[in-house]
Amino acid sequence: MKTLLVVAHPRRTSLTFAAAEAFARTIEGRNATVEWADLVREGFDPVLRPTDEPDWNNPAKVYSAQVQAEVARIERNNATVMVFPVWWWSMPAILKGWVDRVWNHGWAYGGRAYPHRRVWMIGIAGTSAEAYRKRGYDDAIRTQLEVGVLEYCGIKDRRVELLYGAIESTEQAESVISDAAALGASWAP
Ligand SMILES: Cc1cc2nc3c(=O)[nH]c(=O)nc-3n(C[C@H](O)[C@H](O)[C@H](O)COP(=O)(O)O)c2cc1C
């Protein structure tokens, strides 16, 4: 399966990138190819300007060249995985902007569906699962991302996974990497 791996983190040495690499290595061993999309290094502009604003009366609107290039990158793959740190109980702005701009009306929704059957989101969470559960952050993130984005865009094989405790201890950080590899091991071609 040709997989677009979208990563949103400013630093290649981050735990987020280490988890993305562990995941990529594992699925590459299961017959997948991986095309990396390093949004920060590529300088993706997350701001939705008038050219990319949906025209609700015209699902055939032609969007900006940058959005068209992102669409082409998605369409030459057949699965999408996003790996990102949880920032303020959500995804980083650059990734949110990638969804805002690229997953546009008339292409990902609005009489259409996102072109991939499988889209997974892997969020690297700083604090513990207990802390997330205590305030309902885990349910809030799942509702927002899994129902609000993935289900809304017609994705059947959808998953939102949170790997907890990234900044709690060295052992926890290591387990985030092994959890990312374990997720990759559940990748059926
Ligand atoms: C701007 C910012 C906001 C953050 N917000 C949260 C948060 O809401 N919840 C959380 O569990 N961790 C939060 N963190 C911690 C990150 O999730 C943590 O740094 C990341 O998961 C793992 O480290 P990495 O940056 O080396 O990949 C935040 C970090 C930053 C920089």
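Mentor: A polar contact is a pair of N or O atoms within 3.5 Å; within protein, one must be able to donate a hydrogen and the other to accept it, and residues adjacent in sequence count only if both atoms are side-chain atoms. The model is predicted, so local features need pLDDT of at least 70 and side-chain atom pairs count only at pLDDT 80 or more, while totals for chains, interfaces and linings use all residues. Residues are numbered from 1 along each chain as its sequence is written, and side-chain values use heavy atoms, with hydrogens and water left out.

An oxygen atom of the ligand is 2.8 Å from a polar backbone atom of I124. A ligand oxygen is also 3.0 Å from a polar backbone atom of G126. Taken alone, the ligand exposes 630 Å², and the protein buries 74% of that (accessible areas by the Shrake-Rupley method with a 1.4 Å probe; for residues, only the protein chains shown count as cover).

The ligand is surrounded by 16 residues, the closest being H9, T16, W89, I124 and Y132 (near means that a heavy atom of the residue lies within 4 Å). By class, this shell has ten nonpolar, five polar and one charged residues. Here Ala, Val, Leu, Ile, Met, Phe, Trp, Tyr, Cys and Pro count as nonpolar, Asp, Glu, Lys and Arg as charged, and the others, Gly among them, as polar.

W89 sits in the loop between β3 and α4 (helices, H or I, of at least four residues and strands, E, of at least two are DSSP runs, numbered from the N terminus). Its phi is near 60 degrees, a positive value in a residue other than glycine. W89 counts as partly exposed because its relative accessibility is 30% (buried is under 20% relative accessible area, exposed over 50%, partly exposed in between, with a 1.4 Å probe and protein chains only).

Elsewhere, N31 also has a positive phi, of about 80 degrees, although it is not a glycine. N31 lies in the loop between α1 (15–28) and β2 (33–38), and is exposed, with a relative accessible area of 65%.

S64, in the loop between α2 (39–42) and α3, counts as buried, at 13% relative accessibility. A polar contact of 3.2 Å joins the side chains of S64 and R101.
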